[in-house]
Amino acid sequence: MNKATTQRQHTPLDRMADNMTQFHPDTHWLAEYVSGSLPEAQALCIATHLEFCPQCRADINALTEIGASLFSATDDTTPLNPQVLDAVWQSITPDNNPPPAVAIQAESHPTSVPAYPDSFPRALRKLIPDGTSGLPWKNIGSRLSVAKLHRIDAERDVSLHRLQPGGVVSDHDHGGREITVVLSGSFSDQNGQYHPGDFLVREPGETHRPTASEDNECICLAVCDAPVKFTGLFSRLLNPLVALQHRH
Amino acid sequence: MPEKQQAVKDEWAPLLAKVAENQDRQAFTRLFAHFGPKIKAYGMSLNSMYTSVEMADELVQEVMIKVWEKARYFKPEKASASTWIFAIARNCRIDYLRKMKRIDSPLRVEDLWPVSEEPDPITTLNQSRNEQSIQSVVNTLPREQASILRAIYVEGKTHSEVASQNNLPLGTVKSRVRLAIEKLRTGLPNHE
Ligand SMILES: [Zn+2]
């Protein structure tokens, strides 16, 4: 019934389509996403994961229905202001409605396609109008570069991290809680190997040692809480002292 | 097979179809009478300093205009009418808060919270659900689970807000929500 989860033999090319995603957001992330209380930068991480992950999309559908049934069961005895319906009628006069379907669909099909890895999700593409090559990449050491994206909520930084093939970052801790979603390539640390779509949360105090796979560069979306001066999945390299140790 | 689940009809879906096909004002008036008060209650429940009667009325207006404009994108095989309208109301509420907080973002709310107004070729699950079955399970939830779920969904609180406002450890709130959701999902026809 659900074609996306049909078992097939994995060939390397199948991996993307066939959902290699193994690291999923916990239920509380999905519930806050569905209820709308999740800050936008974190919602971006969930929306990104969802484009890769049919399982979580199914969860989201179920959570939305649960929300709808709570919404339907609200105490709706508050009287409606009769002027509200009048105002609605006024703004939906036959002249300006219904809007042409073409206009709405056109938005989701950008005409010129800048250079993104194929795996880049829709929401993210809008933040990177000129493609990844047009971003202000900053090299942090020889193996890692970081590009800050447009701020979409006041308390978090949104950036892309690009780790060269085989690049290793030494054990490090994060200044604030950080969400990482793999967009292309893969990397690993002591807890596992991460593929496109994988969703990881690092709490402050957790250390890890990311290593990019040998064959491809790895690009991740990173959203970090409580922006401190240097943040990020590979953040210790931003610290000049630590960076020095890597310059060999 | 999904078809067997459709014994309980979604009585609002055909009205949305009439709005989409014929701009049927009578059908729309019935939708307004049913969903308008729910949207208003949903607006009034928002846990925010920006919540007010005016805001709730404005929310009703905005959501119902969207319902009129986007009715053609409603796909009864993907969601029930109330699920679709709930998602629109949620997005309008997010958008309202965004304006109040003057968040400047290049993204539309729909970019982050897509509603089925846009083509989504990858959603394969059949979404015709039996809402009454969820509703009946909601009624059997222990009171503390039901009220936390309501705080999360209807009042729009985060788990941390629920925890601090109820003097509960965050882990307790998370596990109550998870338990409630698991229980409710067993009321959904497609749960595996
Ligand atoms: Zn997932």
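1. Chain B and chain A bury about 6500 Å² between them, and carbon and sulfur atoms give 65% of that area. The model is predicted. In terms of residues, 71 of chain B are in contact with 67 of chain A.

2. Polar links across the interface come next. Three salt bridges are counted between chain B and chain A. The rule also finds 11 residue pairs in polar contact across this interface, both residues being at pLDDT 80 or more. The elements of chain B that each give two or more residues to the side touching chain A are helices H2 (25–45), H3 (53–70), H4 (81–100), H5 (109–112), H6 (131–140), H7 (143–153) and H9 (170–185). H2(B) supplies the largest share, 12 residues. By class, this side of chain B has 36 nonpolar, 14 polar and 21 charged residues.

3. Two charged pairs can be checked by eye. Side chains of opposite charge can pair when their charged atoms come close. One salt bridge joins the side chains of B:Arg185 and A:Asp59, at 2.4 Å from N to O. Over all chains, the salt-bridge count comes to 16. A:Glu40 and B:Arg98 form another salt bridge, with their closest N and O atoms 2.6 Å apart. This pair crosses between chains: A:Glu40 lies in helix H3 of chain A, and B:Arg98 lies in helix H4 of chain B.

4. Now the sheets of chain A. One is an open sheet of six strands, ordered S1-S2-S3-S9-S4-S7, with antiparallel pairing. Strands S1 (138–140) and S7 (199–202) of chain A stand at the edges; each has a single partner strand, so one side of each is left without a neighbour in the sheet. From one strand to the next, the twist averages 30°.

5. Within that order, look at S3 and S9. Strand S3 (residues 156–163) and strand S9 (residues 218–225) of chain A run antiparallel and are joined by eight bridges. A:Val158 stands opposite A:Val223 of S9(A). Helix H3 (residues 40–52) of chain A packs on the sheet, where it touches S3, S4 (178–184), S7 and S9 of chain A. The direction of H3(A) makes about 35° with that of S4(A). A:Glu40, the partner of B:Arg98, is in this helix.

6. Chain A also has an open sheet of three strands, with the order S6-S5-S8 and antiparallel pairing. Its edges are strands S6 (192–194) and S8 (211–212) of chain A; each has a single partner strand, so one side of each lacks a neighbour in the sheet. Strand S5 (residues 187–189) of chain A pairs with S6(A) in the antiparallel sense over three bridges. A:Phe187 stands opposite A:Tyr194 in S6(A).

7. One point to carry away: which element of chain A both packs on a sheet and touches S3, S4, S7 and S9? Helix H3 of chain A does, and A:Glu40 in this helix pairs across to B:Arg98 in helix H4 of chain B.

Definitions and conventions: Residues are numbered from 1 along each chain as its sequence is written. Chains are lettered from A and ligands numbered from 1 in the order in which they are written. This is a predicted model: local features need pLDDT of at least 70, side-chain atom pairs count only at pLDDT 80 or more; totals for chains, interfaces and linings use all residues. Side-chain values use heavy atoms; hydrogens and water are left out. Contact means heavy atoms within 4.5 Å. Buried area is the accessible area (1.4 Å probe) that two parts lose on being put together, summed over both. A salt bridge is a side-chain nitrogen of Lys or Arg within 4 Å of a carboxyl oxygen of Asp or Glu. A polar contact is a pair of N or O atoms within 3.5 Å; within protein, one must be able to donate a hydrogen and the other to accept it, and residues adjacent in sequence count only if both atoms are side-chain atoms. Helices (H or I, at least four residues) and strands (E, at least two) are DSSP runs, numbered from the N terminus. Ala, Val, Leu, Ile, Met, Phe, Trp, Tyr, Cys and Pro count as nonpolar, Asp, Glu, Lys and Arg as charged, and the others, Gly among them, as polar. Two strands pair if DSSP finds at least two bridges between them. Axes are lines fitted to C-alpha atoms, for helices over the stretch in contact, and angles run from 0 to 180 degrees between N-to-C directions.
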